[in-house]
Amino acid sequence: MSAFSIRYLLTLLLAYTIFSNFTLAQDDQNSLTIVAFGNSTTAPRRTIDSVYSDRLPDLLAGSGITCRVINSGVGGSHTGRLTDNNKHKWAHGLDRFQTAVLDHDPDIVIIQFGINDSYIDGGGQQGESRIPLDKYKENLRYMVQKLHESESIVLLMTPNAFGSNKEYWRHVRLAEYAQACRDLANEELVELIDIYKAFESYGNGSLELRDELLLDGVHPNDAGHKISSELIANRIRINEAQPPIYLGEPSSNEGTTLVNDYEGNSVFVFRKGDWDHGGFTDTVFYKMTSDEGRSWTESKSLVITPGKP
């Protein structure tokens, strides 16, 4: 081979390498950083194939969204600090919020706590939860507001519902924490992933059929994580298509998010999810304004079915 041919091939190789590195850098730049922050219902688990965070990259890739998902779930974790309740003697939500979430400079943060916060270790139905309800909500609010300051999108996920092996009063207590999570999402104008309602509605509300989604009455199995991942992926698709802005509410007691549409109008989105023939159907209601909220159209709706469990 001549010296010219060798130089030519080396030039092509160098050009290809530079182009490839540039393309990879672009891909990295456009990729979302997502942090999944929570307890053992978020944390990796050896006894199932994939938790919801592991499923998100493939689900979002189908919509042209690339992402890096960091799982910051820790078993036994509650929203507070070790000094608030030391049943499990390691760092809890607020203890590790900076290092496990903020230090990653995330684009999107999924927050799911509640089962450990609500749990009653003694005293039966009159017993105290590990973290009182008002403190649970206060801790979540702190996290949400800090993430707003850093311009991260927050997906606030309720705890999942218990299975049939838990006492009725435990279901009642956990439901209060799920409702507090819903209330906070409305108050702070963040996206809600109501996995409690999705599990509760599964199988037409049958408690025994709900066990199909759980390993042990508490932790989701693959079927349960599949539902969670599909609901989360759908929310991310909506947010990536229509980046959120906040202009205030067009009317009281409706909705969670204001977004821009492709024509520059502002759209106030509020949702109602329900189970339809075994699949979770997400009905998205919306109003539109083209004058920054001074006037709004009548409500319209769009039905989205992310998938079936």
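I counted disulfides, meaning pairs of cysteine sulfur atoms within 2.5 Å. The count came to 0.

I noted that this is a predicted model, where local features need pLDDT of at least 70, side-chain atom pairs count only at pLDDT 80 or more, and totals for chains, interfaces and linings use all residues. Residues are numbered from 1 along each chain as its sequence is written, and side-chain values use heavy atoms, with hydrogens and water left out.

C67 counts as buried because its relative accessibility is 16%. C181 is buried too, at 0%.

C181 took me to helix 6. Helices are DSSP runs of H or I with at least four residues, strands are E runs with at least two, and both are numbered from the N terminus. Helix 6 has 21 residues and spans 31 Å from first C-alpha to last, close to the expected 30 Å. That expectation is 1.5 Å times one less than the number of residues.

I listed buried residues of helix 6, including R170, L174, Y177 and L184. The buried residues of helix 6 pack against several elements, among them helix 5 and strand 4 (153–157); contact means heavy atoms within 4.5 Å.

Which residues of helix 5 (133–149) touch helix 6 (168–188)? I found L133, Y136, K137, L140, R141, V144, Q145 and H148.

Last, I looked just after helix 6: L189 has a positive phi of about 55 degrees.

Key
Buried means under 20% relative accessible area, exposed over 50%, partly exposed in between (1.4 Å probe, protein chains only).
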